[in-house]
Amino acid sequence: MQTGNKEVVSEVFCSVIEQIAFMFAEVASLEDMAGMDQGFVEASMSFDGQLRGRLSIAVPKDACALIAGNVLGMEPDDPFVTTGAADSLKELLNVTCGHILTSLAGDRPVFDLSIPQVVDLDEEAVQALLAAPGTVAFRVEDAPVLVRLELREG
Amino acid sequence: MALNILIVDDSQIVRSVIAKSLDLANVAVRTLHQAGNGAEALKILVSHPVDLVFADINMPVMGGVELVERMSRDDHLWSIPIIIVSTEGSATRVEELKGMGVRAYLRKPFKPEAIRAVIDEVVGVPNANG
């Protein structure tokens, strides 16, 4: 991924998570993330239009509930929050994706966006994500968060 | 006058955030209906009085654009104001939707003040404190 695109991903993600979850994110080095053995969940969605590709956000399962609690202004262990944790990650992804596309392509193009999907990631998948081009690492309230923007040619 | 409001979004979290924003914005709500997609919304619309619809664009089964099209062709539903709530930032899309009859567009993320302003623009804000 081009350096400029990583800057856009960083700026947009930090701004969006602050606005919807009142949480502060800072960019971290991928090397600091090596050896993570927590269980992760990943939300991803694709987009098609002037730009084509996929955006994903991976977070530890505990952090997913923390984000949901912050979005709703409720405790992370509230049953409503725990059942809606994946939903909140999808929403964080959805908003981040919309704003990244506007930042990269301007406000005229119309994009077809897929419905976000959430899957569990095993340790091998997390390590692959860390090694993948286009992955940006963040620390959000001490939790590691991985955001990957893939842009496809044509 | 308190409003009968329908929130249409496939995310329970988003529906809760919009409902909470209406409360924080001090909007008087008589009945708050919720639907997970456009098809569920149409069922509610034909069986309950609704003064205002908040709808997402990108939903499974039936998205917001098809919901707007169906409502605009219906003799009983065409006049119900629709506010689209979406992450999409395309001015082209907003113009298309307004051409189809959508009254306002609220881009996520938004603050309670923004939801109040958009309701004020569309129907006039009923204040919860009377």
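Two strands are taken to pair where DSSP finds at least two bridges between them, and with that criterion in mind the tour of this predicted model can start inside chain A.

Select strand 1 of chain A, residues 25-28, together with strand 6 of chain A; the two pair in the antiparallel sense, over four bridges.

Keep strand 6 of chain A selected, residues 135-140, and colour it by burial: five of its six residues are buried, leaving the strand mostly covered.

Then follow the chain through the turn, where two residues lie between strand 6 and strand 7 of chain A in a hairpin, and stop at A:Glu141, whose phi is positive, at about 50°.

Finally, turn to the contact between the chains, to which chain A gives 23 residues and chain B gives 17. On the side of chain B that touches chain A, select helix 1 (12-24) and helix 4 (91-99) of chain B, the elements that give two or more residues; helix 1 of chain B supplies the largest share, five residues. Colouring this side of chain B by residue class shows eight polar, six nonpolar and three charged residues.

How values were computed: Residues are numbered from 1 along each chain as its sequence is written. Chains are lettered from A and ligands numbered from 1 in the order in which they are written. This is a predicted model: local features need pLDDT of at least 70, side-chain atom pairs count only at pLDDT 80 or more; totals for chains, interfaces and linings use all residues. A residue is buried if 20 or more other C-beta atoms lie within 10 Å of its own, exposed if 12 or fewer, and partly exposed in between; C-beta atoms are placed from the backbone. Two residues are in contact if their C-beta atoms, placed from the backbone, lie within 7 Å. Ala, Val, Leu, Ile, Met, Phe, Trp, Tyr, Cys and Pro count as nonpolar, Asp, Glu, Lys and Arg as charged, and the others, Gly among them, as polar.
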